[in-house]
Amino acid sequence: MSTENAAFEGEFHGARAIWLKHGRYEAALLPEHGGNLILFRDTDNGFRYLREPEAEEMEDFKANPGVYGIPVLFPPNRYDGGKFAWEGKVYELPVNETDKGNHLHGFMHQLPWSVDYMKADGYESVVIISQKVRDGHLYKQYFPFEFTITLRYTLNAEGLHQQVAVSNDGRERMPNLLAFHTAINAPFVPGSSASDYTFKMTIGERREMSERMLPTGKIQPLSREEVLMKTDGVSPYFASMDNHYTASPQNGRNRMELTDHRTGDVLVYDVGTSYKYWMIWNNGACGKFFCPEPQINLVNAPNIAGLPAEEIGLIGLEPGERWEETSSFYAIKREN
């Protein structure tokens, strides 16, 4: 094994971490903290692509794990009153967003995950983690299905690659509701400022949201800046955003592209076309990070009547079925 390429157990600010190294790239995943891939760096250039907690921010990360790294949300986003209907039954998750009366984001980004495999060779460095829901698991009391979620992260010369799979191991058809609350640094280049950055995303239409951040069923016209988001690009901080959009792949790809115009460095976050929706959240246009969140389903999808299941991403898995999707992060250098 090359000394430049490695997969090993270490620590990150006192937390157990699985480190991947390959050439100029490194990544770290925290199994005990939601299986969060907490950092992705280009060590040659000093680029930090993901929002990672500093040592003094670890307590905030533990309290707010959804706004660092790549948290997995299952089920994602909000559910009215914590309830969702499926196959003639109503399931209930606890209301953990009390001011709006919703359940928010599930618990997978807070639970410990099992490390099943890690390996490095001359081609790639890999870690595979999983969450097996069986009797005694927290999810069985709210989401009474037997299933396995597997996350594989691969680091190679092309960048960082994520494969996620959900397998229905039980006897009943189950809903598959998943997203990633991916937190991207902008700026990610040392010495650059937020004003050096624009981003593009393959969004389609904007869904109107109520004061409780649930879809009203209406479509909102895109602003001038949102049209630029689809075309030439716009600042990720042009306004405070907590917006919900349909995904509209271009040239067969569903992606976010972030450009540093000072240096010509570009980060591409290319997600699979199974993600039918995007959320975009920028923490009140904070100028430090924003979250382009690929999401399988419309917010509150199981509770929305009158729209085709395929359109709202209400995907069901039959017993024994497996769903999977891949995403990747890669860098481009453009001449200014």
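Okay, quick housekeeping. Since the model is predicted, local features need pLDDT of at least 70 and side-chain atom pairs count only at pLDDT 80 or more, while totals for chains, interfaces and linings use all residues. Residues are numbered from 1 along each chain as its sequence is written, and side-chain values use heavy atoms, with hydrogens and water left out.

So, the overall picture. We have three helices and 27 strands; those are DSSP runs numbered from the N terminus, H or I of at least four residues for helices, E of at least two for strands. The C-alpha atoms fill a box of roughly 55 × 45 × 40 Å along the principal axes.

Buried residues make up 56% of the 336. Buried here is under 20% relative accessible area, exposed is over 50%, and partly exposed is in between, with a 1.4 Å probe and protein chains only. On contacts, meaning heavy atoms within 4.5 Å: among those between residues at least 6 apart in sequence, 63% join residues at least 24 apart.

Now the salt bridges. How many does the structure hold? The count is 29, where a salt bridge is a side-chain nitrogen of Lys or Arg within 4 Å of a carboxyl oxygen of Asp or Glu.

Glu257 is buried at 5% relative accessibility, while Lys200 is partly exposed at 29%.

Next up, Asp135 and Lys140 meet at 2.9 Å, N to O, in a salt bridge of their side chains. Asp135 is exposed, at 66%, but Lys140 counts as buried, at 19%.

Then there's Arg224 with Glu225, where the closest N and O atoms are 3.4 Å apart. Arg224 is exposed at 61%, and Glu225 is partly exposed at 24%.

Last one: which residues are linked in a network of salt bridges? That would be Lys21, Glu26, Arg41, Arg48, Glu52 and Glu54.
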